[in-house]
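I opened this model to look up its charged pairs, its sheet and its surface.

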Amino acid sequence: MADAARTSNLLTPHVDDDGKPFWEYAARGELRVQACARPDCQELRFPPRPCCPHCQSFDSEWRRMSGKGRIWSYVLPHPPLLPAYAELAPYNAIVVELADAPRIRLVGNLVSEAGAALNSVDPARLRIGARVQVVFGEVDGQVLPQWVLERP
């Protein structure tokens, strides 16, 4: 991972009990999504929560995703709202629609490689619908899903 274990004062997720498995899998380089384990439901859900919103079952499992998706939306924050982000502007925040779970969308950053700076991709390269692949980079000791453009 490029710049692994750097200290940057960037925002990192608050890990709660429901989401803890998501982050544990991410630390192992796996993108998994919570699913209802009730045989007649099996609905995927994100963000993680204790109860299925479709059938109200408390039974769940974590399914591995392909890590492929497409940019559903993005923003280039100007000016940066937090001091730690000032030197990175312009940077991107993207919403990714997962290829194998189109109703699930994850927020992250498009980077040139795992662990690269938030501004490592020229903003002109961002396009709605661009195909992306998950990578995992470490920021302030937390492994985060990040996204790179899928190569043809």
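Entry 1: I worked on a predicted model, where local features need pLDDT of at least 70, side-chain atom pairs count only at pLDDT 80 or more, and totals for chains, interfaces and linings use all residues. Residues are numbered from 1 along each chain as its sequence is written, and side-chain values use heavy atoms, with hydrogens and water left out.

How many salt bridges does the rule give? I got nine. Side chains of opposite charge can pair when their charged atoms come close.

I looked for a network next. Salt bridges link Glu30, Arg32 and Arg64.

**Entry 2: Glu30.** I placed Glu30 in the loop between α1 and β1. For elements I used DSSP runs, numbered from the N terminus: helices are H or I of at least four residues, strands are E of at least two. Glu30 bridges to Arg32, with the closest N and O atoms 2.6 Å apart. The two side chains also make a polar contact at 2.6 Å. That term means a pair of N or O atoms within 3.5 Å; within protein, one must be able to donate a hydrogen and the other to accept it, and residues adjacent in sequence count only if both atoms are side-chain atoms.

Is Glu30 buried or exposed? Its relative accessible area is 13%, so I noted Glu30 as buried. The classes are buried under 20%, exposed over 50%, and partly exposed in between (1.4 Å probe, protein chains only). Arg32 is buried as well. Beyond neighbours within four places in sequence, Glu30 is in contact (heavy atoms within 4.5 Å) with Tyr25, Arg64 and Phe136.

**Entry 3: two further pairs.** Lys20 forms a salt bridge with Glu24 at 3.9 Å between the closest N and O atoms. Both sit in helix α1, four residues apart, about one turn of the helix. Lys20 is partly exposed at 43%, and Glu24 is partly exposed at 42%.

Arg105 meets Glu97 in a salt bridge at 3.4 Å, N to O. Here Arg105 is partly exposed at 36%, while Glu97 is buried at 14%.

**Entry 4: the sheet.** I traced an open sheet of three strands, order β2-β1-β3, with antiparallel pairing. Strand β1 (residues 32–36) and β2 are joined by two bridges. I found Leu44 of β2 as the bridge partner of Ala35.

**Entry 5: Ser60.** Ser60 lies in strand β3. Its relative accessible area is 34%, so Ser60 is partly exposed. Its side chain makes a polar contact with that of Gln34 at 3.5 Å. Leaving aside neighbours within four places in sequence, its contacts are Gln34, Ala35, Ala37 and Arg45. Gln42 is 18 residues away along the chain, with 8.6 Å between the C-alpha atoms.

**Entry 6: Leu11.** I placed Leu11 in the segment before α1 (20–27). Leu11 counts as exposed at 59% relative accessibility.

Technical notes. Pairing = 2+ DSSP bridges. Salt bridge = Lys/Arg side-chain N within 4 Å of Asp/Glu carboxyl O.
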